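Me: Give me a close look at the ligand site, with the strand pairing as background. Keep it brisk.

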Amino acid sequence: MEAIIANGGNQLHGVVPVGGSKNGTLPLLAASLLVEGETIIENVPDIVDVRTMIEMLCALGAECSFVAPHTLRIDATNIHSVSAPYDLVNRMRGSFYVAGPLLARFGEARVPLPGGCVIGSRPVDQHFEGFSALGAEVEVKHGVMHARASRLRGARIMLDPHLRSVGTTINIALAAALAEGTTILENASREPEVVCFQRFLRDAGADISGIGTTTLVIKGGNHLESSRVASIPDRMEAGTFLYAALITGGDLTVQNVRPADMEAVLAVLRQAGAEVACGQDYVRICAKGRPLPVDAMTAPYPGFPTDLQPCHGVMAAIARGVSCVEETIFDARFNYADELRRMGADIRMVGHQAAIFRGVVRLMACPVEATDIRAAAALVLAGLAAQGQTEVAGAYFLDRGYDNFEAKLTAVGAQVYRQGEPDAGEQLWLA
Ligand code: EPU
């Protein structure tokens with residue numbers, strides 16, 4: 001199995017650039033299916049999840065090609081299939097986004113259920129309810145969702161306010177964009193990635209108001225025009241580097257970011273004792289010694305993001321005191337805690353979704369295994385703070401969500417490299 005090797009002890013210094021957002025780009029790729037023509041997407045990160053989604057678009061009949069580095073051209077004029085292949089949906093949950101546009105444009109979508117995941121049970125029942133509210137007949141047989149509608153009709157849809165589901169907001173908006181009449185989506189998510197996607201729909205000709213609020217109004221039916229869009233900077237990649245600097249006591253400038261999208265994270269970094277300064281497109285963090293303990297609770301945007309909770313856990317593991325960390329979005333996002341414990345962290349779980357971290361002076365290197373994208377990044381960070389050489393198995397999880405992670409870290413002083421060959425399963429992901 002391919003692993004990342006991290007040698008602990010170096011402080012990170014310098015400037016690190018952030019690429020386009022994974023979770024911002026995936027809905028843009030799906031939205032291109034609504035356009036009978038060309039879509040150009042800039043700032044596309046070179047990561048496995050994006051490549052998987054491009055493979056999905058091609059399997060449905062779209063033509064996709066990179067016309068410049070990180071600039072993708074998609075022509076979805078000749079879509080010939082409304083059936084998403086299982087082997088692609090199975091690789092990542094974001095591929096379920098093709099359901100909304102296929103249903104809206106062709107009146108039918110067959111998409112296998114993405115299933116559960118290593119970060120918890122992740123049903124798509126809210127997506128089904130949304131499609132049904134828009135007039136589709138939805139059934140699940142043999143693990144495949146089959147949705148049909150001669151014409152979708154706008155409706156008032158109340159999403160579950162306790163979930164604030166990003167994926168549901170996106171999939172329903174994709175379907176509603178071509179539906180007849182007005183859709184009012186209440187309790188919509190307002191993550192920056194969702195807002196970027198909504199702006200793309202508007203720029204392509206959809207009649208959308210309430211962008212960036214929890215009530216989205218979509219007057220459907222407009223033909224969507226060819227357009228050009230740039231994905232937003234990846235705030236999770238940016239946050240990962242900021243935590244890397246905090247954990248190693250470094251001084252790092254993270255560039256090509258939108259600081260306004262990261263306020264909850266920046267507040268936590270300041271509470272941990274770091275100096276944080278922001279410019280228009282950068283954040284500089286200057287950390288001093290061991291971080292102070294900070295309690296954190298994940299929440300939908302603008303709250304503290306679940307995707308940075310594992311990095312926060314690593315920080316809490318070496319902080320000068322006790323931190324309580326509560327996960328409110330996913331029920332198995334603390335899988336990384338067992339691995340951290342093996343490195344000497346003092347973590348007591350309170351149920352499955354909260355943990356008390358008593359900071360230790362130093363983590364000790366040992367072999368650990370990542371089980372999801374964010375846990376992989378966090379365990380590499382733990383390795384950078386640990387005494388000795390840490391081997392993080394499951395490098396392909398990093399490749400799903402981080403573009404050039406080791407190279408970027410190495411350029412700012414980390415000792416981190418890759419070892420071993422991808423096994424057959426990993427090669428499938430990397431294809
Ligand atoms: N949920 C349901 N039913 C549904 C949909 C969601 O119960 O039909 C629940 C989920 O199980 C979860 C909560 O609602 O408990 C929120 O899930 P959400 O739908 O918001 O998550 P998602 O759209 O599947 C996206 C990101 C995740 C990120 C979450 C939360 C993409 C492709 N994925 O997932 O990113 O953690 O929003 O912000 O955008 C990652 O990048 O590593 C990652 C996991």
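Reply: **The ligand site**

An oxygen atom of the ligand lies 2.8 Å from a polar backbone atom of glycine 167. This is a polar contact, that is, a pair of N or O atoms within 3.5 Å; within protein, one atom must be able to donate a hydrogen and the other to accept it, and residues adjacent in sequence count only if both atoms are side-chain atoms.

The model is predicted: local features need pLDDT of at least 70, side-chain atom pairs count only at pLDDT 80 or more, and totals for chains, interfaces and linings use all residues. Residues are numbered from 1 along each chain as its sequence is written, and side-chain values use heavy atoms, with hydrogens and water left out.

Isoleucine 329 also contributes its backbone: one of its polar backbone atoms is 2.6 Å from an oxygen atom of the ligand. Aspartate 125 uses its side chain instead, placing a polar atom 2.8 Å from a nitrogen atom of the ligand. On its own, the ligand has 840 Å² of accessible area, and the protein covers 89% of this. Areas come from the Shrake-Rupley method with a 1.4 Å probe; for residues, only the protein chains shown count as cover.

The shell holds 25 residues. Arg93, Ser165, Asp307, Ile329 and Arg374 come nearest. By class, the shell divides into 9 nonpolar, 8 polar and 8 charged residues. Nonpolar means Ala, Val, Leu, Ile, Met, Phe, Trp, Tyr, Cys and Pro; charged means Asp, Glu, Lys and Arg; the others, Gly among them, are polar.

Both domain 1 (3-19 + 233-430) and domain 2 (22-230) supply at least three shell residues. The bounds come from an automatic or database domain assignment. Helix 1 (22-31), helix 5 (125-133) and helix 6 (166-176) each give at least two residues to the shell. Helices (H or I, at least four residues) and strands (E, at least two) are DSSP runs, numbered from the N terminus.

Now the strands. Two of them pair if DSSP finds at least two bridges between them.

Strand 3 (residues 38-42) runs parallel to strand 13, joined by 4 bridges. Glutamate 42 stands opposite alanine 230 of strand 13.

Strand 10 (residues 182-186) and strand 12 (residues 215-219) run antiparallel, with 5 bridges. Glutamate 186 has threonine 215 in strand 12 as its bridge partner.

Last, a hairpin. Strand 7 (residues 137-141) and strand 8 (residues 144-148) pair antiparallel over 5 bridges. Lysine 141 is bridged to valine 144 in strand 8. The turn holds 2 residues, and histidine 142 in it has a positive phi of about 50 degrees.

Definitions and conventions:
A residue is near a molecule or strand if one of its heavy atoms lies within 4 Å of it.
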